[in-house]
Number of protein chains: 2
Amino acid sequence: MSYNQLETTFYRLAQLNHASAMLGWDQQVMMPPKGNDSRGRALAELSVIATEILQQDSLGDLFDAAEDNKLNLESWQQANLRQMRSLWTRAAAIPKALVEAEVMATNNCAYAWRSYRGRNNWLDFKPLLQEVFDLSREKAQALSAALATDQGYHNDYDALLDLFDPGTRQARVDALFNELKTVLPDLQHRIMEKQHGLPAPLSPSQPVARQTQLELSRAIMTVLGFDFDAGRLDETLHPFSGGVSDDSRITSRIDENNVLESIMATIHETGHSRYETGLNRDWRFKPLGHSMGMSIHESQSLFFEMQMARSEPFINAIQPMVTQHLGTDPAFNAKNLHRNYTRVQPSLIRVNADEVTYPLHVILRYEIERDIILGRTTVADIPERWDEAMLKYLTLDTRGNYQDGPTQDIHWPSGAIGYFPSYTLGAMNAAQLHHALAQAIPHAAELVGRLELEPIFNWLAAHIWEKGCLLSTDELMREATGDALQAHYFIDHLQSRYL
Amino acid sequence: MSYNQLETTFYRLAQLNHASAMLGWDQQVMMPPKGNDSRGRALAELSVIATEILQQDSLGDLFDAAEDNKLNLESWQQANLRQMRSLWTRAAAIPKALVEAEVMATNNCAYAWRSYRGRNNWLDFKPLLQEVFDLSREKAQALSAALATDQGYHNDYDALLDLFDPGTRQARVDALFNELKTVLPDLQHRIMEKQHGLPAPLSPSQPVARQTQLELSRAIMTVLGFDFDAGRLDETLHPFSGGVSDDSRITSRIDENNVLESIMATIHETGHSRYETGLNRDWRFKPLGHSMGMSIHESQSLFFEMQMARSEPFINAIQPMVTQHLGTDPAFNAKNLHRNYTRVQPSLIRVNADEVTYPLHVILRYEIERDIILGRTTVADIPERWDEAMLKYLTLDTRGNYQDGPTQDIHWPSGAIGYFPSYTLGAMNAAQLHHALAQAIPHAAELVGRLELEPIFNWLAAHIWEKGCLLSTDELMREATGDALQAHYFIDHLQSRYL
């Protein structure tokens, strides 16, 4: 039966994805430097094999036949068919040679990034990044040419947004981000004025050994329901959540002089991990069983990190674990932890930014990448655009500081162009979900205060994790919260937490 | 051109092999237990994809066309064509469903082995092992049916031997092993009598922390030319050498109460690794550039471990490193190290066996697996056969002790049936190569004593590593040593070292 044949094909793709996911994790966590050339080749070849599978001539006929026979399928199968078709049409739109070229270029650029970043070297990095952006534009054009009518893309950048967050379009992002741009600078100003009157948060007086930090992180992950029989925590420069749903590989950045940061990085990635490991096992290896786009994925990590972990009840609740592992430095008392974790201050580095200024980092990147893809600006102009926007949004001077400027993130080097908006859409989704949770479980904050988190996880599981790709992002949010994504839940959250 | 198309096909296979090698390493070193089901599926699918590539109908025509056009190829390309054909004919002989079934069965069995072994559980383990042997017999029959005439197989077991060590046949193994069986029991007896008069070797009085052992191992690996920018050392239950030639992943077994063992396990795997990383880079990703069969591979690890590292000059030379890392326990003086490393004593565990009794462990396993594949005995009879042979060859009683008996090795559970003989063929090759080295570099032992090992590695590189698969095993040994494999070099080595 055509549907079953399609399922078999996508089962194979899931296995290739397992291989790529694990090789990608290994590349960042375990691989010695001279292994990179071989690894890049292997990853590129796996991509090409997957592309060839998706571009087989026979698939079109199978999809037609399955479509004709649709009424004999159960409703979840119909939804799975829709997801398979969606992956197929996207893959079929991008020439195989372009897929291969992009894997090689992003592998080179992301690898070079590791060393160029530290050396503040923009000049040698630029041509590598140029190639990544060129190939990304080419990809966007190919996707747009094939799918614009069907998917309602208004331009090439829509095609990239849609890859990372299906259903998201530039016009909607512009509208939501404009709302934030209107509110945030003033809000930030008022919060900083208020915090100016408070004692400055203390930093720990001693460095904390990496091993100790990892142990504390693992203890907190356990509280958050991470199953160490089905996953690992390791250390990387840029924290990420990888692996597969039975074998979740998350990483944290460990800085001996900044243990407080590593705790939150770990909690953030644990949110991603709980989503992946909480997916519906009945739909394992099927596109229907995948996680949603990145604005939902980030909503889970940010629900964990921002909504839950930076709240007063959570900080009070884990404080004894912190002193148990780290000792009784005054920096680790609950009040000071809370002050640290809700400190608002413009800074150069996105990943260190507080939740009030973070969206401005994202908007800055969004506007640059959007304009490059739409041909309104160029890679060569990135530093100038960056400097202008940092000054305007965060009143910071970044001239000549590429390291803490445009080369700070791995996203562009690794080809994730169209990804950044998801962080802030995710923060907004998280605030809206948290608001809905508080309606559904009015004593949620008390539960957090007792670290009785199961009911909260169960709510997330039922409304997000187990849904897989059954609904669109819009439908998912409407069913979980009663409303499509709105900016005001996020703004309300900031006002109520910080003012 | 048909030859180039074949090269492209085998390039893809090399990349799939990269993925499988790394996923296999991860499975044993990093993977959490619940990841195993997904991992097994992914590895099985990669195998099936590789098999499908090798079983494409078009390959036959390509090989014919390349053969017709052979005279236009350079001689290394002709050799590469021969190697590609050899891989193709083997793969084409085994049905795809059998490949997949074998990957799944061995994955299950090898995984169960991890827990059943420790629990001395033969009964639950037996049916899993039965399935692996059944599939292996089926595979042997399929290979034999397709290739016996062409390759000169006299029976199904020849087909399995040929998979692990191309060119090796049962009749030759029987002859060589009979020679050892004639000599070794008496030799062992005489050595033990001689050693009986010496003080017993001391064991270290304190356990040695895992981290300290790993650091010492890494220091010794550096002396042995291991490049940590192109590889790693990690810890596993069963040491192995994995990864790819640019990214060599070796593991050692660490027992806090047996640091001396972990040192030698590391040196052994370093020998495997130097061979893989020393392969000819001009033939990278090409079958001609592969390492030879396992009797040559083991000859390199055993050259490192047995010929070099257990020699008096080497032990004396690394002794200062040992005390530097481990302290001044009397167990770590050079005399005692030497006594430890040349102690001959029958024992239950193959991997702990000395080089005199080791071949008897191998012969025991060889005779059992050979007889199962040839239908002369069954999996159910393994314990009885084991007990009989242990009593006869090593005068040890193993009844009821499955853990230190037939379930001690991962080879059978993971489907490596036909592999064991390579260890002892490898030991014999190593002795013969060492003899030839001593002719070529008469002051080799002095070089070892000064840890000036480059000339020795260069000799191995020129005669073995860089040759890849250019020659047959027989030709390789003849060119390197002037003689096909003979048992007497090994026996001479034992007599001169131990009597």
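How many residues does the hairpin that joins β2(A) to β3(A) pass through? The hairpin joins these strands through 2 residues. Here are my notes on the rest.

1. Ground rules. This is a predicted model, where local features need pLDDT of at least 70, side-chain atom pairs count only at pLDDT 80 or more, and totals for chains, interfaces and linings use all residues. Residues are numbered from 1 along each chain as its sequence is written, chains are lettered from A and ligands numbered from 1 in the order in which they are written, and side-chain values use heavy atoms, with hydrogens and water left out.

2. The strands of chain A. Strand β1 (residues 231-235) of chain A runs parallel to β3(A), joined by 5 bridges, and Asp234(A) has Thr251(A) as its bridge partner. Strand β2 (residues 241-244) of chain A is antiparallel to β3(A), over 4 bridges; there, Gly243(A) sits opposite Ser248(A). On terms: two strands pair if DSSP finds at least two bridges between them, while helices (H or I, at least four residues) and strands (E, at least two) are DSSP runs, numbered from the N terminus.

3. How enclosed is β3(A)? Strand β3 (residues 247-252) of chain A has 6 of its 6 residues buried, so it is largely enclosed by the rest of the structure. Buried here means under 20% relative accessible area, exposed over 50%, and partly exposed in between (1.4 Å probe, protein chains only). In a regular strand the side chains alternate between the two faces of the sheet. In β3(A), Asp247(A), Arg249(A) and Thr251(A) point one way, Ser248(A), Ile250(A) and Ser252(A) point the other way, and all are buried.

4. The sheet in chain B. Chain B has 3 strands in an open sheet, in the order β1-β3-β2, with mixed pairing. β1(B) and strand β3 (residues 247-252) of chain B run parallel, with 5 bridges, and Glu235(B) lies opposite Ser252(B).

5. Helices on that sheet. Helix α9 (residues 210-223) of chain B packs on the sheet and touches β1 and β3 of chain B, its direction making about 150 degrees with that of β1(B). Helix α10 (residues 259-277) of chain B also packs on the sheet, touching β1, β2 and β3 of chain B, at about 160 degrees to the direction of β3(B). Axes are lines fitted to C-alpha atoms, for helices over the stretch in contact, and angles run from 0 to 180 degrees between N-to-C directions. Contact means heavy atoms within 4.5 Å.

6. β2(B) and β3(B) run antiparallel, joined by 4 bridges. Val244(B) is opposite Asp247(B) in β3(B), and a hairpin through 2 residues joins the two strands.

7. Cores. The largest nonpolar core has 174 residues, of which Phe177(A) and Ile382(A) touch the most other members. Such a core is a set of buried Ala, Val, Leu, Ile, Met, Phe, Trp, Tyr and Cys residues joined through side-chain atoms within 4.5 Å. Leaving aside neighbours within four places in sequence, the contacts of Ile382(A) include Trp122(A), Phe133(A), Pro406(A) and Trp412(A). A second, separate core of 120 residues includes Met321(B) and Leu437(B).

8. The interface. 38 residues of chain A are in contact with 38 residues of chain B. The area buried between the chains is about 3200 Å², with carbon and sulfur atoms giving 53%; buried area is the accessible area (1.4 Å probe) that two parts lose on being put together, summed over both. The rule finds 12 salt bridges across this interface, a salt bridge being a side-chain nitrogen of Lys or Arg within 4 Å of a carboxyl oxygen of Asp or Glu. Arg12(B) and Glu52(A) meet in a salt bridge at 2.8 Å, N to O.

9. Backbone spots to check by eye. Most residues other than glycine have a negative phi. Phe285(A) has a positive phi near 65 degrees and is in the loop between α10 (259-277) and α11 (294-309) of chain A. Thr395(A), also not a glycine, has a positive phi of about 45 degrees. Thr395(A) counts as exposed because its relative accessible area is 61%.
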